[in-house]
Amino acid sequence: MIEVQELRHLYDGRAALDGVTFDVHPAEIFGLLGPNGSGKTTLFRILSTLMLPSGGRAIIMGCDAAEDPTGLRRHIGVVFQAQSIDIKLTAEENLRHVGHLYGLSGAPLQSRIAEMLARVGLADRAKDRAETFSGGMQRRLELAKGLLHHPSVLLLDEPTTGLDPGARRDLWQYLHILREQERVTVIVTTHLMEEAERCDRLAILSEGKLVALGTPAELKHEIGGDVILLETADPESLARRIHGRYHLDATVIAGKVRLERESGHRFVTDVVEAFPGEIQSISVSKPTLEDVFIHRTGHRFWTEDKNPEEQRAADRK
Ligand code: ADP
């Protein structure tokens, strides 16, 4: 369906993609997850034929992005981060305009427009100008626009940027509906863990490299056990001594000692007794996708101490 093989891209001699390989299966929602600067946009631009890779191959439905970009474009619908609908036009007019670009017209176009507006929950707003829509509705109209010409693959670049949490969840529901009803394969870039959780499979990127590939459950399962965070006055020293005593990988992440361990609840009793008075707080939790990222790269997903809430606030600006 989609094959990405040893894909490389350099900007001014610096690698933004450094040999990335993965396949995407039919009708799956495939996420490209990575922090800012990890190479998502570069990969997205190559898949959508806006840019040629410096090396390797990207093939969609048998068409190579470098050798047959025109052929490839027939198979894809693309929704970019920047708005592409005309807000002065109605929902229907926006879609009619796109239909004409793809050579559709008359009754078949009209019925396809009605079908797509219904799929994205805008059937009753067909005759309203897009400027009267909420951000989430406008984004859904973008989805309808990207899918009007029956592409097999839909490429979405950070589709929920700027939307509030409710509208984000809503958009993801529609994505799942579109996948079921249009049988479309979706590739979506995101830097949000909760969105990545909703994908069937994920490729996690860090500094232009693929660091993990699998379903969210598989990736988290691989950590095996619990993630334990310990707060203490001198985390470096405690991490060294825990390593010495238990032969565990104890790292310091964001000022806390972090360990991965089966039956975390039992281990914490032991560690508190072994280092009396040193540990100020403890948390034991099931691994998240952020833990998968830390496990594979040794560093945090959120740079500049941005947690998801702050990141969202930054996104809205
Ligand atoms: P992401 O979408 O994950 O934030 P990008 O693909 O935009 O990542 O960027 C990957 C790397 O390539 C970053 O180090 C970024 O600074 C660099 N980069 C992106 N676009 C350009 C460009 N046009 N010129 C030079 N460097 C770029």
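Start by selecting Val272, Ile282 and Val284, which together form a nonpolar patch on the surface with about 190 Å² of accessible area. Such a patch is made of residues with over 30% relative accessible area and no salt bridge, nonpolar side chains (Val, Leu, Ile, Met, Phe, Trp, Tyr) being joined within 5 Å and like charges within 9 Å; accessible areas come from the Shrake-Rupley method with a 1.4 Å probe, and for residues only the protein chains shown count as cover. Val272 lies in helix 10, residues 264–274, and counts as partly exposed because its relative accessibility is 37%. Here buried means under 20% relative accessible area, exposed means over 50%, and partly exposed is in between, with a 1.4 Å probe and protein chains only.

This is a predicted model, in which local features need pLDDT of at least 70 and side-chain atom pairs count only at pLDDT 80 or more, while totals for chains, interfaces and linings use all residues. Residues are numbered from 1 along each chain as its sequence is written, and side-chain values use heavy atoms, with hydrogens and water left out.

Now zoom out to the whole protein chain, which has 12 helices and 14 strands; these are DSSP runs numbered from the N terminus, helices being H or I with at least four residues and strands E with at least two. The C-alpha atoms fill a box of roughly 80 × 40 × 35 Å along the principal axes, and buried residues make up 49% of the 317 residues in the chain.

Next, select the ligand and show the residues around it: Tyr11, Arg14, Ala16, Pro35, Asn36, Gly37, Ser38, Gly39, Lys40, Thr41 and Thr42, where a residue is taken as near if one of its heavy atoms lies within 4 Å. The largest share of this shell, three residues, comes from helix 1, and strand 2 (14–24) and helix 1 (40–47) each supply at least two residues. Ser38 has a backbone N or O atom 3.1 Å from an oxygen atom of the ligand, and a backbone N or O atom of Gly39 likewise lies 3.1 Å from a ligand oxygen. In the side chain of Lys40, an N or O atom is 2.9 Å from an oxygen atom of the ligand. The protein covers 61% of the 560 Å² of accessible area that the ligand has on its own.

Select Arg112 and Glu182, whose closest N and O atoms are 2.8 Å apart in a salt bridge; the pair links distant parts of the chain, with Arg112 in helix 4 and Glu182 in helix 6, 70 residues apart. Both Arg112 and Glu182 are buried. Lys88 and Glu131 form another salt bridge, with the closest N and O atoms 3.0 Å apart. Lys88 is exposed, with a relative accessible area of 51%, whereas Glu131 is partly exposed at 34%.

Finish in helix 6 (residues 165–182) by selecting Leu171, which is buried, with a relative accessible area of 1%.

Note on methods: A salt bridge is a side-chain nitrogen of Lys or Arg within 4 Å of a carboxyl oxygen of Asp or Glu. A polar contact is a pair of N or O atoms within 3.5 Å; within protein, one must be able to donate a hydrogen and the other to accept it, and residues adjacent in sequence count only if both atoms are side-chain atoms.
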